[in-house]
Protein chains: 2
Amino acid sequence: MAKGNDQYVQNITPQSEDFSRWYIDVIQKADLMDYAPVRGCIVFKPDGYELWEACQRELDRRFKETGHRNAYFPLFIPESFFEKEKEHVEGFNPELPWVTEAGGEKLEERLAVRPTSETVIGHMYARWIQSYRDLPVKINQWANVVRWEKRTLPFLRTSEFLWQEGHTAHATAEEAESETRMILDLYTDFVEGVLAIPVYRGQKTPSEKFAGAVHTYSIEAMMKDGKALQAGTSHYMGQNFAKGFDIQYLDRDNTLKHVFTTSWGVSTRILGAIIMVHGDDRGLALPPLIAPKQVVIIPIGPKKERDRVVAHAAALHQQLADRNIRVTMDDREDLSPGWKFNEYEMRGIPVRLEIGPRDMEKGQVVLVRRDTGEKLFVPEGELTERLPRLLEEIQHNMFDKAKKFRDDHSHVAHSMEELTHIVRDQKGFALAGWCGDEVCEKAVKEQAGATSRNIPFDPPETLSTCVSCGKSAAHSVWFAKAY
Amino acid sequence: MAKGNDQYVQNITPQSEDFSRWYIDVIQKADLMDYAPVRGCIVFKPDGYELWEACQRELDRRFKETGHRNAYFPLFIPESFFEKEKEHVEGFNPELPWVTEAGGEKLEERLAVRPTSETVIGHMYARWIQSYRDLPVKINQWANVVRWEKRTLPFLRTSEFLWQEGHTAHATAEEAESETRMILDLYTDFVEGVLAIPVYRGQKTPSEKFAGAVHTYSIEAMMKDGKALQAGTSHYMGQNFAKGFDIQYLDRDNTLKHVFTTSWGVSTRILGAIIMVHGDDRGLALPPLIAPKQVVIIPIGPKKERDRVVAHAAALHQQLADRNIRVTMDDREDLSPGWKFNEYEMRGIPVRLEIGPRDMEKGQVVLVRRDTGEKLFVPEGELTERLPRLLEEIQHNMFDKAKKFRDDHSHVAHSMEELTHIVRDQKGFALAGWCGDEVCEKAVKEQAGATSRNIPFDPPETLSTCVSCGKSAAHSVWFAKAY
């Protein structure tokens with residue numbers, strides 16, 4: 001990383017030239033990941049993992065505040081478990097890695113490396129749940145899961161990834177449904193409020209729902225190339241898994257009843273969303289609430305003044321750290337200020353604080369916003385007041401910018417031609433009427449290359465005819481190309 | 001769990017009758033774990049996982065304070081990687097589970113499910129480390145690992161377990177060695193200071209060191225059955241892995257040099273140590289610093305007074321929570337106070353706070369210590385001052401008690417007969433002289449059933465002759481039966 005001169009070599013492909021290459025350039029140059037020596041797997045390098053830790057902290061707090069507790073279930077799942085829910089086995093079987101030998105012996109029953117844990121958790125819940133008094137059960141797990149994907153892309157689709165999976169069991173359908181919706185609200189609050197990523201909330205069509213669910217809710221975000229990224233899902237399972245795994249409880253009326261279950265998850269693919277929603281040709285841009293470092297202090301000025309400036313900068317550093325601002329300082333001598341400016345812009349730190357001898361004379365510091373490039377001259381005495389407000393402003397501005405971009409690239413399509421034009425040429429989301437027939441959903445996929453994202457709870461418009469067959473529309477659906 | 005009457009059924013086998021059954025009784029009754037449907041695997045239930053989360057928080061903070069950063073490396077390791085360090089492959093090969101099929105196809109190269117990550121991390125470090133400027137690299141990983149063990153025991157030895165593994169690379173042997181020792185200090189600080197478990201610090205004999213290490217340091221704790229539990233290890237690898245994986249850097253003198261590496265880990269087996277060091281016939285006993293709940297409030301008194309007492313108890317709850325005391329309240333109506341007293345003693349909560357109408361009249365509360373059973377009548381006005389001091393006192397008392405037990409069960413053995421008597425009949429640790437020959441170490445194992453635990457840094461006595469061959473002793477060694 002270190003370079004002995006002012007020559008900062010950006011080496012990031014512009015987004016407009018090749019968005020995919022821009023993405024790979026940024027995540028490698030910003031040191032977020034590296035390719036692992038196993039097909040489709042990546043290494044989360046410290047800067048990338050730190051972002052995930054920040055997401056974990058925010059989500060974990062919200063899960064606990066809403067009455068969930070963490071637990072840990074085994075990585076391996078016996079093959080027979082997958083047979084117990086028909087849709088589930090069909091959905092996941094093609095992607096499973098199998099352990100067939102262990103401890104020098106061939107196993108009697110193959111063990112799948114978990115792609116998700118509904119089955120093994122269902123098995124345990126059947127043991128733990130006996131009476132209505134045991135309900136609800138509200139458990140979350142932080143874990144690694146594996147799906148042997150054909151096409152992989154760092155963070156977005158990797159053979160192994162990290163996630164949280166919540167699994168709850170309830171006495172009634174209403175309670176389970178309400179949990180499913182509450183979690184979607186929680187995810188929305190996190191993704192919009194913390195990650196500054198606006199989402200469309202809605203229900204998946206049957207062909208896009210989770211394998212084994214009655215229905216799936218999702219939040220869908222738009223990347224800067226106009227493609228969709230499913231940022232979180234919440235599944236209502238009804239009694240599908242309860243029946244498959246015999247999860248029954250003795251109710252107050254002394255009869256045995258099957259429980260109703262839910263599951264829900266957010267994975268490390270969310271890191272890809274942060275990058276592709278906020279990043280630009282200069283690199284990463286991190287919303288202040290999730291940025292591991294919110295401010296970088298860079299002391300500047302001639303050599304002979306150096307000690308004095310660095311000492312002053314260190315005092316400012318302490319002042320800000322005391323106010324719980326996540327701050328770092330780069331006082332390396334062998335790198336020019338210009339090099340550092342570029343470097344921390346590329347790494348996406350929301351605010352740069354410059355301080356030099358002349359600023360010290362004037363009793364001021366210079367703040368530079370990563371989101372707008374704006375330069376602010378702030379009297380030192382006001383710094384600890386202004387900075388938290390500035391971070392808040394940046395947070396809101398980043399959300400607003402992302403929302404404007406998304407809204408500008410969301411259009412209503414009244415015909416297949418319009419829909420195709422929107423997703424292919426305008427690179428955006430198309431809202432279109434849909435009759436509810438899977439055939440028409442497939443037609444959109446074939447003709448426009450777009451999949452249904454979700455049936456939004458609050459569509460900006462209600463469409464009356466199906467974009468494919470022209471019959472009466474049952475739903476207004478967001479269609480888009482998707483990661 | 002809920003029972004409608006005063007009949008608390010303990011169902012815990014006394015330690016003196018059968019320590020192993022006591023252990024299993026306690027961890028199941030205290031709801032820490034359940035057996036998983038996969039051989040040798042367990043489920044960490046919420047109360048068990050919460051204890052691990054508390055350990056994670058304490059360790060993670062210490063790692064970060066000492067300049068380490070977290071990262072995440074892949075679960076799967078190509079078979080060929082294990083061949084690159086000869087001792088390492090011999091040590092781990094017999095315990096590996098193998099993925100041989102994935103995504104519907106047979107894999108060209110088998111993938112091991114990681115038993116530890118030196119190999120894959122070595123591969124990545126070889127890519128990341130080019131220059132002396134890249135050193136040191138100090139990374140930690142929180143992960144699941146798998147070792148297909150023949151005999152398993154919940155928490156202590158399971159096929160899959162959770163742990164942290166630190167991996168560092170340094171320019172010099174001295175720096176790597178100093179890291180190895182610093183981490184042993186960090187582990188000691190955590191295990192003695194937070195878990196209230198006294199440890200013997202020392203170096204493993206060559207036959208007991210990590211497969212591939214130059215040497216291994218360990219901290220060894222004594223369980224209440226006199227058996228040893230290795231609570232943490234820190235390995236100095238020298239250049240073994242650096243040479244196996246070609247981790248080289250260009251030094252200031254413009255020559256290529258191999259780095260020196262370390263690795264170190266603490267796993268979920270530490271939960272077993274907490275249970276087996278502090279637990280007693282009434283169940284778990286958790287040191288206040290690690291207890292997820294430090295105080296349980298139980299309102300008591302006749303029905304007609306109930307609302308008044310519960311409201312008052314809730315106010316106390318708030319008061320303590322505001323002081324960052326981890327407090328919970330059990331105001332369930334269908335359970336008697338006596339049942340609750342037993343239940344929370346069994347779950348190991350350090351302090352029980354009882355409050356009833358008569359206490360309210362007197363303006364006092366009753367505090368009951370889990371560690372001594374002592375009852376304290378404390379004026380309400382003094383509660384927020386007294387309670388933190390009391391928790392501190394309990395913490396220290398638990399350490400002192402554990403240390404006294406350990407010291408009382410640690411003896412010097414001058415002969416094989418004495419050694420055998422100490423570990424078999426007195427159920428303790430034996431310090432004995434050892435010539436340094438593996439043959440004599442094996443003789444101890446065969447005759448006394450004890451393995452060498454470590455060569456302590458500060459032996460209570462220095463022994464001059466080998467306990468087995470009678471020749472001059474090179475070291476004084478702790479021998480014990482071990483988990």
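Reader: By what turn and what shift can chain A be laid on chain B?

Author: Start with the general idea. Two copies of a chain are related by a rotation about an axis and a shift along it. In this predicted model, the turn is 180° and the shift along the axis is 0.0 Å. Chain A then lies on chain B with an RMSD of 0.0 Å. That is the relation of a two-fold axis.

Reader: Which C-alpha of chain A is nearest the axis?

Author: That of A:Val99, at 2.1 Å from the axis. Keep this residue in mind. A:Val99 stands opposite B:Val99 in strand S5 of chain B.

Reader: How do the two S5 strands run, parallel or antiparallel?

Author: Antiparallel. Strand S5 covers residues 97-102 in chain A and residues 97-102 in chain B, and 5 bridges join the two.

Reader: Now the interface. How many residues are in contact?

Author: 57 residues of chain A are in contact with 57 residues of chain B. Next, compare the two lists. 100% of the interface residues of chain A are also interface residues in chain B, so the copies meet through the same surface.

Reader: How much area do the chains bury between them?

Author: About 4,600 Å². Of that, 60% is on carbon and sulfur atoms. Some residues stand out. A:Pro37, A:Arg69 and A:Tyr72 supply 14% of the area that chain A buries against chain B.

Reader: How many salt bridges and polar contacts cross the interface?

Author: The rule finds 10 salt bridges between chain A and chain B. One pair to look at is B:Arg69 with A:Glu50. Their side chains meet in a salt bridge, 2.6 Å from N to O. For polar contacts, the count is 30 residue pairs between the chains.

Reader: Which element of chain A gives the largest share of the side that touches chain B?

Author: Helix H2, residues 46-65, with 7 residues. The side of chain A that touches chain B has 35 nonpolar, 6 polar and 16 charged residues.

Reader: Let us turn to the sheet in chain A. How many strands form it, and in what order?

Author: 11 strands form an open sheet. Read the order across: S3-S7-S8-S14-S11-S10-S9-S22-S23-S21-S20. The pairing is mixed.

Reader: Which strands stand at the edges, and why is one side of each without a neighbour?

Author: Strand S3 (69-70) and strand S20 (410-412) of chain A. Each has a single partner strand, so one side of each is left without a neighbour in the sheet. Take the S3 edge. S3 pairs with strand S7 (residues 137-146) of chain A in the parallel sense, over 2 bridges. There, A:Asn70 stands opposite A:Asn140.

Reader: What should I look for in the backbone?

Author: Most residues other than glycine have a negative phi, and most peptide bonds are trans. Here, a cis peptide bond joins A:Leu135 and A:Pro136, with omega about -5°. A:Pro136 lies in the loop between helix H4 (118-128) and S7 of chain A.

Reader: What kind of peptide bond joins B:Leu135 and B:Pro136?

Author: A cis bond, with omega about -5°. B:Pro136 lies in the loop between helix H4 (118-128) and strand S7 (137-146) of chain B.

Definitions and conventions: Residues are numbered from 1 along each chain as its sequence is written. Chains are lettered from A and ligands numbered from 1 in the order in which they are written. This is a predicted model: local features need pLDDT of at least 70, side-chain atom pairs count only at pLDDT 80 or more; totals for chains, interfaces and linings use all residues. Side-chain values use heavy atoms; hydrogens and water are left out. Copies are superposed by least squares on the C-alpha atoms of residues with pLDDT of at least 70 in both. Contact means heavy atoms within 4.5 Å. Buried area is the accessible area (1.4 Å probe) that two parts lose on being put together, summed over both. A salt bridge is a side-chain nitrogen of Lys or Arg within 4 Å of a carboxyl oxygen of Asp or Glu. A polar contact is a pair of N or O atoms within 3.5 Å; within protein, one must be able to donate a hydrogen and the other to accept it, and residues adjacent in sequence count only if both atoms are side-chain atoms. Helices (H or I, at least four residues) and strands (E, at least two) are DSSP runs, numbered from the N terminus. Ala, Val, Leu, Ile, Met, Phe, Trp, Tyr, Cys and Pro count as nonpolar, Asp, Glu, Lys and Arg as charged, and the others, Gly among them, as polar. Two strands pair if DSSP finds at least two bridges between them.
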